[in-house]
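Hi everyone, and thanks for making the time. I'd like to walk you through one structure today, so please have a look at the sequence and the model before I start.

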Amino acid sequence: MLNSHQRANLKSIANQIDTIVTVGKNGINEDLIKQVEDALKAREIIKGQVLPSSPKDVQKSAEEIALKTFSELVQVIGKKFVLYKNNPEKNKIKI
């Protein structure tokens, strides 16, 4: 669980990164979860977006992805969301 200082730090880091995950009309499937897991392992923090054609709204989609990837949902703003998962091997981001 992230505290408020950690969450604020991650939000500031997330402002500078590009969106790399997109949830579309197919929703959340195994391929998308695998993509998110790989991205989190490599980067620790990722930004994603949910297209209007997605069957679920942004909040529910982000929560489901976070649950399935064992990551932390940092924030949801508009159609975008930010996920964080610590990787002890990389430990790139200091929170």
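This is a predicted model: local features need pLDDT of at least 70, side-chain atom pairs count only at pLDDT 80 or more; totals for chains, interfaces and linings use all residues.

Let me begin with a question: where does Asn87 lie relative to strand E4 (80–84)? Asn87 belongs to the segment that follows strand E4. Keep that residue in mind, as I'll return to it at the end.

Let's start with the overall layout. The protein is built from three helices and four strands. Reading from the N terminus, the order of these elements is α-β-α-β-α-β-β. Its radius of gyration is 12 Å, close to the 12 Å that the globule rule gives for 95 residues, so the protein is as compact as a globular protein of that length. If you like to think in boxes, the C-alpha atoms fill one of roughly 35 × 25 × 25 Å along the principal axes.

How much of the chain is buried? Of the 95 residues, 40% are buried. The accessible surface is about 5900 Å², and carbon and sulfur atoms account for 50% of that. For those of you who think about contact order, here is another number: take the contacts between residues at least 6 apart in sequence, and 67% of them join residues at least 24 apart.

Now to the charges. There are 16 positive and 11 negative side chains in the protein. The centres of these two sets lie 5 Å apart.

How many salt bridges does a search of the whole structure find? It finds three, and I'll take them one by one.

The pair to begin with is Lys34 and Asp38, which form a salt bridge with their closest N and O atoms 3.1 Å apart. Both sit in helix H2 (residues 30–43), and because they are four residues apart there, about one helical turn separates them.

The next salt bridge is between Glu64 and Lys56, with an N to O distance of 2.3 Å. Is Glu64 buried or exposed? Glu64 is buried, at 17% relative accessible area, while Lys56 is partly exposed, at 38%.

Lys68 forms a salt bridge with Glu64, and here the closest N and O atoms are 3.0 Å apart. Lys68 and Glu64 are both in helix H3 (residues 58–69), four residues apart, or about one turn of the helix. Lys68 counts as partly exposed, at 39% relative accessibility. Through shared partners, the salt bridges join Lys56, Glu64 and Lys68 into one network.

Glu44 is in the loop between H2 and strand E2 (45–50). Glu44 is also buried, with a relative accessible area of 0%.

The other is Phe70, again not a glycine, with a positive phi of about 55°. Where is Phe70 placed? Phe70 sits in the loop between H3 and strand E3 (72–77). Phe70 counts as exposed, at 69% relative accessibility, whereas Glu44 is buried.

Staying around the end of H2 for a moment, let me point out Arg43. Arg43 is found in helix H2 and is partly exposed, with a relative accessible area of 44%. Along the chain, Arg43 and Tyr84 are 41 residues apart, yet their C-alpha atoms are separated by 8.8 Å.

And that brings us back to Asn87, as promised. Asn87 is buried, at 8% relative accessible area. Which residues is Asn87 in contact with, leaving aside its neighbours within four places in sequence? They are Lys41 and Glu44.

Notes:
Residues are numbered from 1 along each chain as its sequence is written. Side-chain values use heavy atoms; hydrogens and water are left out. Helices (H or I, at least four residues) and strands (E, at least two) are DSSP runs, numbered from the N terminus. The radius of gyration is taken over C-alpha atoms; the globule rule is 2.2 Å times the number of residues to the power 0.38. Buried means under 20% relative accessible area, exposed over 50%, partly exposed in between (1.4 Å probe, protein chains only). Contact means heavy atoms within 4.5 Å. Accessible areas come from the Shrake-Rupley method with a 1.4 Å probe; for residues, only the protein chains shown count as cover. Lys and Arg count as positive and Asp and Glu as negative; His and the chain ends are not counted. The place of a charge is taken as NZ of Lys, CZ of Arg, CG of Asp or CD of Glu. A salt bridge is a side-chain nitrogen of Lys or Arg within 4 Å of a carboxyl oxygen of Asp or Glu.
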